[in-house]
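I opened the notebook to look up a few things about how this chain is put together.

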Amino acid sequence: MRGRVRLFQRQIGLLSITCFSYGQTNEYVYKNPKDSTFNCYLKIYPETKNIRGLVVRDYTNLPDTARQSPYQFQQLCSQAGLMTLYTNTSNSFPELFESDLTMKRLDDIILEVVKNHNIPADNIFIGGISASGARALRYAEYCAQGKSTININGAFAVDSPLDLARFYTSIAAHRQNLKAGMLEEADFMPPVFHKLFGGGPDENYEAYKSGSVFTHSDSLGGNAVYLKSTAIILFHEPDIDWWLEERGASYYDINSYDLAAFTALLRQLGNENVELITTTGKGFDRAGDRRCHSWTIVDEEYLVNWIKGRLH
């Protein structure tokens, strides 16, 4: 890592590494010093003296602060007085937060950080892209069910799959049409779903409903009903010409299908603070190739201003 690195024991069984890079203070914390694969987190301290709030991002792997990010989100949060907390709560891939066990681990980490830094308890936000965004919404539901003392002030998700039954049905029924990354998912995910839920949604509908952010076939949207009072912002790029040509996907096969229905359902339930951002021509990967399923569809300044506008 660039800059000075300081290692010390904060308490028995917990290893912390503090780094100073790019003008920011970053601290890695490993709850189990002998296992860095999960149950760890990274804190990015804000540029301001007082921490106004916390933005949580649950990742498959913690980001490397020695590498310059092409994105501004973290820096914008720091300038706004927000601590960014990157967590790695599971060594399973993909982690979908279908049960409370891993969410409890995330909850413990957030509670620890909030307590240690005296962060206002009503200024906590969470979000992510793809499965990470789905996990963010699942955790918001976990909190709204009263399973945590944490209150999520706002959540965001970027092109996330919300209905796992729809996801399963899509890849099972349309595999022969899918291409590239979506074909890879169609081959990889069915065994994962069978392991988690004991079969497909026709065999164990309630398990899929219980493990999903949202359920199309339920009048209250399944777990979505718990988010009827939570501020939510969603981003997607439903460029169907690209999806058809490059991925062989129909509207039913892309996450926009879930996101639009989820938004409509929450509004029907009375949530006036849910926003769906539909972009055009913004999705590209780091190499500059067209890719709708990408963080580049996010207007980062707009998102951070959305968070700042909800700070208490």
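This is a predicted model: local features need pLDDT of at least 70, side-chain atom pairs count only at pLDDT 80 or more; totals for chains, interfaces and linings use all residues.

**Entry 1: H2 against H3.** H2 covers residues 100-116 and H3 covers residues 131-144. Their axes come within 10 Å and cross at roughly 80°. That angle lies in the 65 to 115 band, so it counts as roughly perpendicular.

I then listed the residues that meet. H2 brings Asp100, Met103, Lys104, Leu106, Asp107 and Ile110. H3 answers with Arg138, Tyr139 and Tyr142. Sorted by class, the contact of H2 with H3 holds 5 nonpolar and 4 charged residues, with no polar ones.

**Entry 2: H5 against H7.** How do the axes of H5 and H7 cross? I read roughly 65°, with the axes coming within 7 Å. H5 runs over residues 180-197 and H7 over residues 240-247. H5 and H7 are therefore roughly perpendicular to each other. On the H5 side I noted Ala180, Gly181 and Met182 in the contact. On the H7 side I noted Trp243, Glu246 and Arg247. The class count for H5 with H7 is 3 nonpolar, 1 polar and 2 charged residues.

**Entry 3: the whole chain.** I counted secondary structure next: 9 helices and 10 strands. The radius of gyration is 19 Å, close to the 20 Å that the globule rule gives for 312 residues, so the chain is as compact as a globular protein of that length. I also boxed the C-alpha atoms along the principal axes and got roughly 55 × 45 × 40 Å.

**Entry 4: cavities.** How many cavities of 30 Å³ or more are there? I got 2.

The largest cavity has a volume of about 50 Å³. Its lining includes Asp58, Tyr59 and Thr60. Asn88, Thr89, Ser90, Ser92, Phe93, Pro94 and Glu95 are also among the lining residues, as is Arg135. By class I have 3 nonpolar, 5 polar and 3 charged residues around the largest cavity.

The second largest cavity has a volume of about 40 Å³. I listed Leu96, Ala134, Arg138, Pro161, Leu162, Leu164, Gly211, Ser212 and Val213 as its lining. That lining splits into 6 nonpolar, 2 polar and 1 charged residues.

One cross-reference for my own use. Arg138 lines the second largest cavity, and Arg138 is also one of the H3 residues that meet H2.

Definitions and conventions
Residues are numbered from 1 along each chain as its sequence is written. Side-chain values use heavy atoms; hydrogens and water are left out. Axes are lines fitted to C-alpha atoms, for helices over the stretch in contact, and angles run from 0 to 180 degrees between N-to-C directions. Helices (H or I, at least four residues) and strands (E, at least two) are DSSP runs, numbered from the N terminus. Angles under 35 degrees count as roughly parallel, over 145 as roughly antiparallel, 65 to 115 as roughly perpendicular and the rest as oblique. Contact means heavy atoms within 4.5 Å. Ala, Val, Leu, Ile, Met, Phe, Trp, Tyr, Cys and Pro count as nonpolar, Asp, Glu, Lys and Arg as charged, and the others, Gly among them, as polar. On a 1 Å grid over the protein atoms alone, a cavity is a set of points where a 1.4 Å probe fits but cannot get out, and a pocket is an open set with protein on both sides within 12 Å along at least five of seven lines; lining residues have an atom within 4 Å of a point. Grid points are joined across faces, edges and corners, and a volume is the space filled by probe spheres set on the points. The radius of gyration is taken over C-alpha atoms; the globule rule is 2.2 Å times the number of residues to the power 0.38.
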